[in-house]
Each structure stands twice: as C-alpha cells, then as structure tokens.
Amino acid sequence: MSEKVLLVDDEHDFVETLAERMRARGMEVSATTSPIEALKKTETENYDAIILDLMMPEMDGLEALRILKEKNPDLQVILLTGQATVEKGVEAMKLGATDLMEKPADLKALTEKIRKARARKMIIVEKKTEERIKTIIGGKGW
Amino acid sequence: MSLLEKIKPKFWDAEESEGLSDFRQLWYLTVLLTLEVTLAPLIFMTLADYNVTQKSVESEILLRTSRLVSNTRRSVSFFLDERRSALNFVVYDTPFSELNDPLGLASILENLKKSFGGFADIGVIDAQGRQKNYAGPYRLEGIDYSGQEWFREMVEHGNYISDVFMGFRQVPHLVIAVRCSLPDSCFYVLRAAVDTERFNDLLSQLEVSGQGDAFIINHEGILQTPSRYHGKVLEKISLSVPKFSEKTEVFEGRGAGAEDVIIGYAYIADSPFILMIVKKKNELMKSWQTTRMKIAGFLAVSITVILFVTLGVATYLINKIYVLEQNRASIMHGMEYSNKMASLGRLAAGVAHEINNPLAIINEKAGLVKDMFTFRKEYAKDEKLIGIVDVIVSSVERCAVIARRLLNFARHIDVNVQSLSLKEVIHEVLGFLGKEAEYRSISVSVSVPDDMPQIESDRGKLQEIFLNLINNAFAAMKDEGKLDISAKQENRDSVSVTFTDNGCGISEQNLSRIFEPFFSTKTKVGGTGLGLSITYGLVKKMGGDIRVKSEPGKGASFTVTLPIKADQKEKGEDIHASLIGG
C-alpha cells in the first residue's frame, strides 16, 4: 500500500516537482500552495503524512501545524523549511510535529521520514482501534 | 624604565583623535591655571609681608639708635654743663683776692674734686692772658696764653670747652674755661683741666647692641674718647664727619670694613664734640634674618605643597577623565560594532533564508531530471547526463551548506539572554530527538536536581549546544544505546551538564582535536566536522567551558560548564571566524 502524502508549500515549482518525483516513487501525493486549502483537504482526506513549509504568505507554518494538530492529533506533520532554527524546531516539536527537515532536502531522507511517520501513525491507529474495540467489548458487558 | 616613565600618566601619550580631547593640553591648562591662582597671591602676600617686616625691623633699629644717641647726648651735655656751671659758680662766688691766693685756689680745687671729680688742675688768667695763679700738679704760674686760639675764642664767647688733648701726664684731658667780667670792663678767666676718664666711662658703660661703638669726635673727626673699632684717642676716624644738625640724626652708611653700618650722631651744643654711635647692620638684622628664613621656608614649603597637590590632583582627575572617556569611546565603538554586526547578521539571515527556497527548487528540478533519466531506459545508461545532474545536486548541497553557515553566523550575533531552567531546555531538545531515540531504542535518562538554579543564557544557543551534543552521542551509539544527561551546580557561579554515552568512544589521538573545525571521523558518512567546533565556539561565547573524557569502545562523556550569571561583555565576533567555523 502506497503512502498518502499532502505537500504544502507556497513555491509552486517546488511542490509540483517534488510531488512528481514522489509519485514516481510510488507515493500518492496531493500538492497545494495554500495552507488554507490544505486544512480543507485534511477534513476530507486521510493522509499518512503532511509535508509543511514554515513560512507561507497565507498562513504561518507553525500556525497551520497548530490547527492541524488541534483538529486531529494523530496527523503526522513533517516540517520542511529553508528557515530551520533550533528554536523553531523546538517550538514545532512542542506543537506536535513529527520531524523537521531543512531545504534543500534529500529525497531519500524525506522518503525515509515519511515511511517512519506512516509507521507511527499505523501504531497509533492500531492502538486506538484496539482501545475502541476494548471499550466496545467492555460496553457490551463481556 | 626611568622614574619619569613610571609616573607618566596614561593620557600623556594618548593620541589625539576625533571626539577625544587633547588631554595633555587640558592638563597643562589645569595645572597652569591652578598654580597661577594659588601661587600668585601667595607669592605676592609673602613678598609684601617680607617688605613690611624688613621695613619695620629697619625703622625699629633706627629708632632705637636714635633714642640711644639722644640719651647719651643728654648725659654728655649734662656732664659738661655740670662742670662749666661749677666753674661759673666758683668764679662769681669767690672774691678775686681769694682766687689769687694760691692756698685759696688749692682749697677750691680740692672742693671741686670732692664734689664733681675729674678736675685735674685749675688756674686763674688775667685779661692779658697771663696765668696769675695756679693750683695743680704742675708749676704753670706765669704762662702767657694770650696768643692762643682758645683764649681768643674764650674772650669772644665768655666760655670755652677745648678738644681733648694729651696733658703733661699723658692722660687725655679737656679744658673748660669761664670768664668773669669785672665792673671796669676788665675780666679774668678761670681755667680748669678735666680728665676725660669719667667721660670715657660714661660711653663705655653704654650697652650698644649690634657690636656697636659709642664715641665722641671733634669737628675734625679726631677721636676724643677711645673707640672699640675706630681707633684710639686722638686718632682720626675712618668715617667721614657727619654734617651739622641740631637734632639727633641716624643714617645708614658704610663702615671701615665696607660693611653696612647704622650711624647715629648728635652735635653737642656749646662744645666741639660730636657724639657718634656706630652699629653693625648685619648684627642688628640677625633677628630679621631668622624671620626672613622663616618666611622663605614657609614660601618654599607652601609652593612645594601646592605644586605637589596641584600636579597630583590634576594628573589624577585628568587621568580619570581620560579613562572614562576611553571607556565611553570603546563602549560607543562596541555599540557601533555590534549594531553593524547585527544588521550584517540580519542581512545574512535574510539572504540565507531567501536562497534556500530557490535552492530547493533547483534541487527538486535536478532530481526530477535525474529521475526522468533513471526511469527511462534510453537515458539510464547515459552516464554523462547523470553526472551533470549529480554535479548540479552536489552544487546545490554546497550552496545549502553556505546558507547554513550564514544562518549560524547570524544566529551567533544575536544574543538574547534570558533566565531559563536547564531542565526545561534539556527536555525541549530531547523532544526534538525523542523520536529518533524511540526508533533506535536508545534509552535516555535525565537527572537534574530540583534545587538547580535558573541560569541566565541564550535559549537558542543553549538548545543548539545540547542538540549537537545529544546528536553526537546518538551518532556514536548503536541501537539500544544508553545516554545519561545529568546536571549539577558546580559552585556559586556555575553549573555543569554532563552527557555520557556508551557509544564507540574517541581515541586518545582524536580527543585533543575533536573541537577543531572540520575535524571529523565521519566525513565519509556525511559528517561535516563542524558540529563540535560550533558547540565549542558557542559554549565559549556564553562564557562557559566544555571538557571531554573518553575511552575507545566504552563511550564518551562531555561536560559543559556554564555561568549562572550571563557575562555582559559579550562581544561581536569576527565575521570570518564565524563563517568558517559555522
């Protein structure tokens, strides 16, 4: 099963090219230059990982991250930015980012991080499913 | 080094530069002005006092001399008057017949000797100048005085006092003669010789200060009484005869030995005598000299003290101002420099940030080109094309490294000191790396004592230091490794954080080089060799220290010591060092 990824970056050339390359590697990628559109997409689609830029004219990446995590804490968000600093990284981690990468990024490394993010998500989903089943079973009075 | 070099204040050789005063000139001005307003009145007052004191001492001397001369003149006049009056009394009281009787005259002489003393002989001379009767030690009857000067003068004035002369006995005498007019316009003269011993006694008993000398001369300057310094009786004195004055006179003159003398004199009325008192001025001025020395000493001491105090105070104050101004200048300079560095930093950060986005695009486009070639069979074997794309990708990577250095440099300039908890920072950084630890099953333990003080530091830099060290530890460890992070307070001023891993460790030869820039044992696996040198630079910049202990195969332990209070003397650092090091 291929990874389902959402790419968010205000640089059109960048997102499109990266998306194309990722698709060539068998990933299911949607790309957008608008964080607001990205927020909408996450409401209807279920992504394994969201690649998010930090500085975008429409909305700050950290702000987008906060809203995403608020809506769905299970979302795996990898920040990909040209303005990486340790402080921003720490802030992002506090907000629940899965990882942070500096632009220009090595695609191999990025792919690796996406895969790891997906694995984490699977674990979380599994755990939650398990808990839900337990609750359901418990609720039935077994 | 000469003494002058040692006491020379710092500002003396300071070069005059823009915005800095000319301190040497300022010093001259201060010293000269201060000396002028302190020394001028002092010297003026001292000189005035000197003059006034000298004048008063001199006039005091003159006054005293004048008084002494007056008193002595009175005594001398009295002595002469007394004897003249005695003879006058005798000549008018005694009948002529008794005067002509030798026995009677002898008895008169005897009475005079008893009553007044000093009378040596007495004679009666008639109007023709012939000695009619005589009483005394010599046989002088019948001597004719008519041709002598004194007799003529006597006849004219009615009485006469002679100069001192050596009598037949070789004793200085003077003669007093009085005339007695008879009714028939005839007259006779009573002439008595008086020895001058009483006279001499009178003068020698005078206490004359200043090695003084009191004596009598006649109008020709012949000594009538012995003198201590000016010759014997009847010798001519070396001083000139002072001009006539009715009053007592005192003047300053030159003595025999060319020394300064005070001369007091008085013409004694109805006699050929001049009383003179001569005092040595130097002797009299001795007390003045002591005073003068005191004044001079006071002046010298005052000037020295004023000089020292003025020089000392001026030098001290101006040096102080110099140091302050230097500090001010260096602070201004520092501010200017750090402002410059800050704007440079902002510029660098802006460039680095902006450049990363286009770099990312180039990177992806090149990657896409490469993908296209790799995925299509007809190009897959074209090594030249693949090589070109690889060069583009590696060049992009190089640019990225440069951008990262610029960012690092910018970050190092901005120092944002705040009070923070070590524990919090460690956990923040671990949150960053926690996922990697989780994946690799690395166990991380953190022990920070609860009473750990907050430290003043830059959060971003501290995070970077810890991140680098933890990253390093992770890189050194295999999966399922173990990292211990422990913090403790070293002393009142510093805390330390130790990162101990059980990784591969560092060999002894590498241990001394690990903080050098570009030193890396992992160059082949992507290490830049900059992490630890950046960490080292950051720790040093924050006023701390970093030490490492390690045994190959057993792991390594890095200890970072940090000051609790931030060092305020944070300096803008060398841009080159930053760019190369970062």
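## Helix packing in chain A

In this predicted model, helix α2 (residues 35-44) and helix α3 (residues 61-71) of chain A pack with their axes 11 Å apart and at an angle of about 10°. Because angles under 35 degrees count as roughly parallel, α2(A) is roughly parallel to α3(A). Helix α2(A) contributes A:Pro35, A:Ala38, A:Leu39 and A:Thr42 to the contact, and α3(A) contributes A:Ala64, A:Ile67, A:Leu68 and A:Lys71. By class, the residues of this contact are six nonpolar, one polar and one charged.

## Chain A as a whole

Chain A holds five helices and five strands. Along the sequence they follow the pattern β-α-β-α-β-α-β-α-β-α. Of the 142 residues in chain A, 43% are buried. Among contacts in this chain between residues at least 6 apart in sequence, 60% join residues at least 24 apart.

One residue of helix α5 of chain A is A:Val125. This residue counts as exposed because it has 12 C-beta neighbours inside 10 Å. A:Val125 and A:Asp74 are 51 residues apart along the chain, and their C-alpha atoms are separated by 7.9 Å.

## Chain B as a whole

Chain B contains 15 helices and 17 strands. It has 582 residues, of which 30% are buried. Among contacts in chain B with a separation of 6 or more, 61% are between residues 24 or more positions apart.

## A five-stranded sheet in chain B

Chain B has an open sheet of five strands, in the order β12-β14-β15-β17-β16 and with mixed pairing. Its edge strands are β12 (443-447) and β16 (545-551) of chain B, each of which pairs on one side only. On average, and with direction ignored, neighbouring strands of this sheet are turned by 10° against each other. Helix α11 (residues 422-439) of chain B packs on the sheet and touches β12, β14 and β15 of chain B; the direction of this helix makes about 175° with that of β12(B). Helix α12(B) lies across β14, β15 and β17 of chain B and runs at about 20° to β15(B).

Within the sheet, strand β14 (residues 482-489) of chain B pairs with β15(B) in the antiparallel sense over seven bridges. The two strands, β14(B) and β15(B), form a hairpin with four residues between them. B:Leu483 stands opposite B:Asp501 of β15(B), and B:Ala487 has B:Val497 of β15(B) as its bridge partner. Strand β15(B) also runs antiparallel to strand β17 (residues 555-563) of chain B, to which it is joined by seven bridges. There, B:Thr500 has B:Ser557 of β17(B) as its bridge partner.

The two faces of strand β15 (residues 494-501) of chain B can be told apart: B:Val495, B:Val497, B:Phe499 and B:Asp501 form a covered face, while B:Ser494, B:Ser496, B:Thr498 and B:Thr500 form an uncovered one.

## Nonpolar cores

The largest nonpolar core has 89 residues, and A:Val5, A:Leu7 and A:Ile50 are those with the most contacts inside it. Helix α12 (residues 459-476) of chain B gives the most to this core, with eight residues. Another core, of 29 residues, lies apart from it and includes B:Val90, B:Met154, B:Ala177 and B:Leu190.

The surroundings of A:Val5 can be listed in detail. Not counting residues up to four places away in sequence, A:Val5 touches A:Met22, A:Met27, A:Glu28, A:Val29, A:Tyr47, A:Asp48, A:Ala49, A:Ile51 and A:Ile114.

## Contact between the chains

Between the two chains, 23 residues of chain A are in contact with 27 residues of chain B. On the side of chain A that touches chain B, the elements giving two or more residues are α1 (12-24), α4 (86-94) and α5 (107-140) of chain A. Helix α1(A) supplies the largest share of this side, seven residues. By class, the residues of the side of chain A that touches chain B are eight nonpolar, six polar and nine charged.

Note on methods: Residues numbered from 1 in each chain as written. Chains lettered and ligands numbered in written order. Predicted model: local features only at pLDDT ≥ 70, side-chain atom pairs only at ≥ 80, totals over all residues. Contact = placed C-beta atoms within 7 Å. Nonpolar A, V, L, I, M, F, W, Y, C, P; charged D, E, K, R; others polar. Buried ≥ 20, exposed ≤ 12 C-beta atoms within 10 Å, placed from the backbone. Pairing = 2+ DSSP bridges. Core = buried A, V, L, I, M, F, W, Y, C linked by C-beta atoms within 7 Å. Axes fitted to C-alpha atoms, helices over the stretch in contact; angles between N-to-C directions. Parallel < 35°, antiparallel > 145°, perpendicular 65-115°, else oblique.
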